[in-house]
Amino acid sequence: MAAVAEGLEPETAAVEDAARDATDAADAGLGAPPLLVGNRLSLDLYPRGCHRLLHLCAQQVRQLLEVEFLRLSGHEDPQLLQATLARLPWSLPRLRSLVLKGGQHRDALGACLRGSLATLPASLSGLAHLAHLDLSFNSLETLPACVPQLCGLGALLLSHNCLSELPEALGALPALTFLAATHNRLQTLPTALGSLSTLQRLDLSENLLDALPPEIGGLSSLAELNLASNRLQGLPASLAGLRSLRLLVLHSNLLASVPAGLARLPLLTRLDLRDNQLQDVPPELLDAPFVRLQGNPLGGPSPAPHSPPGTPVVPEMPRLLLTSDLDSFAVTPLGCSVTLACGVRLQFPVGATATPVTVRYRLWLPEPRLVPLGPHDSLLSGVLELQPHGVAFQKEVGLWLLFVPPRARRCREVVVRTLSDNSWSDLETHLEEEAPKRLWARCQVPHFSWFLVVSRPVSDACLVPPEGTLLCSSGHPGVKVTFPPGATEEPRHVRMQVVRVGSRELPALLGEPEAATSPLLYLSQSGPPSFLRPVTVQLPLPPGVTGLSLDRSHLHLLYRAPPAATWDDITAQVALELTHLYARFQVTRFSWSVPPPTASSVPHPCPGLRTPLTPSLPRYWLWYTTKTCVGGLARKAWERLRLHRVNLIALQRRRDPEQVLLQCLPRNKVDSTLRRLLERYRGPEPSDTVEMFEGEKFFAAFERGIDVDADRPDCVEGRVCFVFYSHLKNLKEVYVTTTLDRRAQAVRGQVSFYRGEVPEEVPEEAGAARQKRGADAPWMATLPIKLPRLRGSEGPGQGAGLSLAPLNLGDAETGFLTQSNLLNVAGRLGPDWPAVALHLGLPYRELQRIRHEFRDDLDGQIRHMLFSWAERQAGQPGAVGLLVQALEQSDRRDVAEEVRAVLELGRRKYQEGIQRTSLAPGDLGPSGSSASQSAEPAQA
């Protein structure tokens, strides 16, 4: 021990400083001694875990000598972590398990971050009893030299590091039974690996291995070998000597042949050879029931020689870029790469279809009948429909969907949701970042249907075999479900979701500062509803509550099984076992109530689109409160978790008060949005804060003489319909009008917002509804709208039938375009708007500015470009002709013809107005000066 201490002399000062800081932190309230529970010390979930451990060491707590299991986070300060680990051999001499994992932190896309651990102090070789070492999700580039010296090590986990090789010294671990080094950069394996005669499980998947050493056949005890997703082109014949092998996984490699001797392994129960280059397989393997061969060119021509490792393979296939006027395209057996006008990308590999197929697409506006959401899900995209539905492709098609970055990322994940076999399911999804705030959700789809991107709580799942297993939450490690041996006869799938509960919500709701709750646990399973043996569920005790100090009469275990809306207190029906940090109870079934109706019994709101109920998961919730009847309070708290606090705004364009912008904004985005909009809009202050659920319907009704000016698909009897989605832009611009005489005075109207579907009757005024305001009241807010008095805009020179827009884009002889006309033009341009803008003379720098300012809103880009150009052209001769010319030069002759039709209609109305006022065409001077002169006496 003196030698060890002597070797640590340069680190002594750092350790003493860290211990002193840790002592000060502990004195401030860390409370180190209660962290010790039996022989376990878990510090990976606590902030400043190293400081806490050093404090315990500095206090010379005698319980440390009994600790056998230690967990620390790899995200600690590297220098402090090294100093802390250096003290373990004499501070924790009986340590048997050491977990130094990273991955507790996530990046902006929700992916796990590697820890800072890059090496280990040499003194760790003094842990004579260490049998389990987990260094996953760190930054190791080489294996620390102290690891091969841990002679008692039985399990070594090195996954998700940066290892490019393993040392030959690894063969000196005589007791090693499990080695995992997945998701590294391994290119070769040491020959000494074959001397690990006790090794039973070896996982080297997701590496860069192109060959295996023949010595691997010396692993006489090996039962499981996973080499998936490497670059293996062949296998050594020595693999046939692994007589204990039960599982061999080789999928997603470059194998062109396999040894025939694999078929003679006596204990082999599964051989996975999917997605390789196997053209021919030994007959013994071809007919074996335990062999999987999907994705191989069996019986086909010899594959072309592979490029050297590292050489990118770029498939030569057609590339299609669709414009907004196309809603279909053709796919041939040669494959193609397609970019749709809405920004969606698809890649059809060669051979995806045997015959040419015409694919149609449509981007639907999200609404509840098209968007199946769980109680804690958030929608991040529109709804994409791809046709033909249900046609299976021979190879999976790549799909990239743009989505809005989720605001909450902790313990949440982004997935693509699709409709398959009349039920919604989530696909395996990978996230890609093309530019800041431009994110893609990538997935592989076997057939076409409806697709959308959602954010959901992290879902953990497992297959429960008859031998039993353990399911842990990846976001909340304290939440576990233990399935004992014999709990099931047939394997069944179990899924878990855990929802974090804010620490401030419950005390405010109950008026009780000491009230607290555990995370909310959702469980579901396949197969029979009951287990053959009790299953143990573990939940962490509510924050601030420990098993040594709690009052059991204040602890309530609540349960809810949809479709029931109530929470049942089942504390008396289970036996709660309490430890210092956790509560455990046993159940024989997850659902304690009658199951909800099946999807087939639910009427479908849209013909051709079956939208079944999403699976409703039973929920468990642990409460600590002095209240005795907590079921009703739990229902209110659960609803509060799902509510979003928003404000409603109604703004009028400064140059055109008839154009009204309506928007529902999250409370934290109101100020920034108003600062951006108030340059072009003005209006009243935002409404008071209201609360809304994800996917809740509401509508805006114009009142007191104001109505919507044009027919809209989202407008019913002058009421504009909305659906609230917290991450999407709940924004609509409408044109309003009035039947009142604006020449006499301004019209002071209002717009009121109501919850729910548009009813047959809405109160003329919001006053009566406001008096009944409550939790279930439909009225939410009322904001004033003012249409200013018209000054000289109506006179004999123009006639009652001629209406000119305030922009004055055009002239009386060639025709005018109103804001409504321009809005129709904007709705037809789609992604072609940059070409139109350049032909209109807008500089490229302005296009870049518009794209940046409205980077998540294509409609906003188009409207801003077109209306800002029109405002600059107001009163200028030839502006309308310039617009028509730009549309034709941009290959949008369809829109140009519509503009010409509008101009012709305007000219006809102008001539009719002249005839009604008895003005001859020859009496008009340039720009209609005589008309304006005639109007002045009439006004006088």
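The model is predicted: local features need pLDDT of at least 70, side-chain atom pairs count only at pLDDT 80 or more, and totals for chains, interfaces and linings use all residues. Residues are numbered from 1 along each chain as its sequence is written, and side-chain values use heavy atoms, with hydrogens and water left out.

**The parallel sheet**

- Eleven strands form an open sheet with parallel pairing, in the order β1-β2-β3-β4-β5-β6-β7-β8-β9-β10-β11.
- β1 (40-42) and β11 (291-292) stand at the edges with a single partner strand each, so one side of each has no neighbour in the sheet.
- Strands here are DSSP runs of E, at least two residues long, and helices are runs of H or I, at least four; both are numbered from the N terminus.
- Two strands pair if DSSP finds at least two bridges between them.
- β9 (residues 247-249) and β10 (residues 270-272) pair in the parallel sense over three bridges.
- V249 has D272 in β10 as its bridge partner.

**Salt bridges**

- The model has 22 salt bridges (a side-chain nitrogen of Lys or Arg within 4 Å of a carboxyl oxygen of Asp or Glu).
- R653 bridges to E871, with the closest N and O atoms 3.0 Å apart.
- R653 lies in strand β37 (residues 643-653) and E871 in helix α14, so this pair ties together parts 218 residues apart in sequence.
- R653 is buried at 7% relative accessible area, while E871 is partly exposed at 22%.
- Buried means under 20% relative accessible area, exposed over 50%, and partly exposed in between (1.4 Å probe, protein chains only).
- E733 bridges to R863, again with closest N and O atoms 3.0 Å apart.
- E733 sits in strand β45 (residues 730-738) and R863 in helix α14, 130 residues apart.
- E733 is buried at 12%, and R863 is buried at 19%.
- E846 bridges to R872, with a closest N and O separation of 3.5 Å.
- That pair links helix α13 to helix α14, 26 residues apart.
- E846 is buried at 15%, whereas R872 is partly exposed at 46%.
- D377, E413, R417, D426 and R456 are linked in a salt-bridge network.

**Positive patch**

- R407, K669, K729 and R855 form a positive surface patch.
- Patch residues have over 30% relative accessible area and no salt bridge, with like charges joined within 9 Å.
- R855 lies in the loop between α13 (844-853) and α14 (858-873).
- R855 is partly exposed, at 37% relative accessible area.

Note on methods:
Patches are made of residues with over 30% relative accessible area and no salt bridge: like charges are joined within 9 Å, nonpolar side chains (Val, Leu, Ile, Met, Phe, Trp, Tyr) within 5 Å. Accessible areas come from the Shrake-Rupley method with a 1.4 Å probe; for residues, only the protein chains shown count as cover. Lys and Arg count as positive and Asp and Glu as negative; His and the chain ends are not counted. The place of a charge is taken as NZ of Lys, CZ of Arg, CG of Asp or CD of Glu.
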